[in-house]
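Here is a short briefing on one protein chain. Keep the structure open as you read, and find each residue as it comes up.

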Amino acid sequence: MNSSSAVLILDKVSKSYGNGLAVNEVSLNIRENEFFALLGPSGCGKTTLLRMLAGFETPSAGCIYLDGLDISPLPPNKRPLNLMFQSYALFPNMTVRKNIAYGLEMERLPEAQIRQRVNEVLSTAQLTELADRKPNQLSGGQRQRVALARALVKRPRVLLLDEPLGALDKKLREKMQLELKRLQHESGITFIVVTHDQEEALVMSDRMAVLDGGKVCQCGSPSELYENPNSRFVANFIGVSNLFEGLRGAEQRVMVNGHELKVEPQPGAVRGEAVAVVVRPERLQVLGGQGGECDNQVQGQIVEVAYHGLDTNLHVKTALSDKPLIVRVPSSQFEFAHFSSGMDIRLGWQARHARVLTH
């Protein structure tokens, strides 16, 4: 992307502790009014990266630019960024209104201006009716919104969020994912969120970066990373994948355990090269007795049926892999077909729905 449209630029940022690199030459451009997610497993460097953005850690190498200014040497209180911790850290003796106003009072803003800004953010965060309550009178989701409102009222250029929904139960998390996205859109502030939850990142973010071992593996929109992962790691980390190891055969073919699979044309493909073929569970079709129009077909046996409500996952043993394939069947379709463990079925998929990976 054009760096001129970026509000925040990380230029080869690294952080070392002793002999180990927690963050290794990370370069990212984050846009104005963007919801950006840093995603990865524990220990991948995402929280260290966030702490460097906030000013709690100093980069060992590289620079961090905010609106063109290198903020790497600036202390946290001199940066127009705000970090919201997972614990929320609300003052228990203060009302919601006082919690939100606290940061503005510390800046000694005029009382009328404080009142106006607090009222605005109370409305945006849908907290007006709770303004006179104290944190112990609020639900987990309400406390989370108060913490967000307290961060938003200071109007930072960038709001940093470290696992902001980690303390909430599954149902509330899903509701707050949409709430966070709405607040970000309405406030017009750039959000950078750290999470290990790939579903959370897919739902909330405009773009996301997947990290592993301190490096960025891939950066792009949720659909780009899901549909076109650039490595086995990203394919396995983002969503569920069926992954077959094989060798490139003739043009548009990959040999997997003696079976020839048809794939899309690959520029620069080298015959005999070791590759992996990735097919998402929802791209697999259960075919009738006569087969179908799919480019690739394979016979298998159902070894497990896992009901998930909206859909059902069939785990199917085939000759392509030691690991069963996962086939996602909508529950509406499941009603008309009586799938059960031990049943023989035929699966198929189109070449365009397979992604070939070289690393």
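**Salt bridges**

A search of the whole structure finds 19 salt bridges. The model is predicted.

- Glu57 and Lys15 meet through their side chains in a salt bridge, at 3.9 Å from N to O.
- This pair links distant parts of the chain, 42 residues apart. Glu57 is in the loop between α1 (46-54) and β4 (61-66), while Lys15 is in strand β1 (residues 6-17).
- Glu57 has 18% relative accessibility, so Glu57 counts as buried. Lys15 is also buried, with a relative accessible area of 11%.
- A network of salt bridges links Lys15, Glu57 and Arg51.
- Arg157 and Glu32 form a salt bridge between their side chains, at 2.9 Å from N to O.
- Arg157 is partly exposed, with a relative accessible area of 26%. Glu32 is partly exposed too, with 44%.
- Arg328 forms a salt bridge with Asp311, and their closest N and O atoms are 4.0 Å apart.
- Arg328 lies in strand β18 (residues 325-330) and Asp311 in strand β17 (residues 311-318), so this pair ties together parts that are 17 residues apart in sequence.
- Arg328 is partly exposed, with a relative accessible area of 25%.

**Aromatic rings**

- The whole structure holds four aromatic pairs.
- Phe35 and Phe191 form a tilted pair, with 5.5 Å from centre to centre and 50° between the planes.
- Phe35 lies in strand β3 (residues 35-39) and Phe191 in strand β8 (residues 190-195), so the pair ties together parts that are 156 residues apart in sequence.
- Phe35 and Phe191 are both buried.
- A charged residue also sits over a ring: Arg280 lies over the face of Tyr226, at 4.0 Å from the ring centre.

**Nonpolar cores**

- The largest nonpolar core has 44 residues, and of these Ile100 and Phe191 touch the most other members.
- Helix α4 gives the most to this core, with six residues.
- Another core, of 27 residues, lies apart from it; among its members are Val158, Ile192, Ala209 and Leu211.
- Leaving out residues up to four places away in sequence, Ile100 touches Val118, Val121, Leu122, Leu127, Val146, Ala149, Arg150 and Val153.

**Two loop residues**

- Ser72 is in the loop between β5 (69-70) and β6 (81-84).
- Is Ser72 buried or exposed? Its relative accessible area is 9%, so Ser72 is buried.
- The side chains of Ser72 and Asp70 are joined by a polar contact of 2.7 Å.
- Ser72 also touches Pro59, Gly62, Cys63, Ile64 and Arg79, not counting residues up to four places away in sequence.
- Asp132 is in the loop between α3 (111-124) and α4 (140-152).
- Asp132 has 64% relative accessibility, so Asp132 counts as exposed.
- Which residues does Asp132 contact, leaving aside its neighbours within four places in sequence? They are Thr95 and Arg97.
- Asp132 and Leu178 are 46 residues apart in sequence, and their C-alpha atoms are 25 Å apart in space.

Note on methods
Residues are numbered from 1 along each chain as its sequence is written. This is a predicted model: local features need pLDDT of at least 70, side-chain atom pairs count only at pLDDT 80 or more; totals for chains, interfaces and linings use all residues. Side-chain values use heavy atoms; hydrogens and water are left out. Rings of Phe, Tyr and Trp (its six-membered ring) pair if their centres lie within 6.5 Å; planes under 30 degrees apart count as stacked, over 60 as edge-to-face and the rest as tilted. Helices (H or I, at least four residues) and strands (E, at least two) are DSSP runs, numbered from the N terminus. Buried means under 20% relative accessible area, exposed over 50%, partly exposed in between (1.4 Å probe, protein chains only). A charge sits over a ring if NZ of Lys or CZ of Arg is within 6 Å of the ring centre and within 35 degrees of the ring normal. Contact means heavy atoms within 4.5 Å. A polar contact is a pair of N or O atoms within 3.5 Å; within protein, one must be able to donate a hydrogen and the other to accept it, and residues adjacent in sequence count only if both atoms are side-chain atoms. A nonpolar core is a set of buried Ala, Val, Leu, Ile, Met, Phe, Trp, Tyr and Cys residues joined through side-chain atoms within 4.5 Å.
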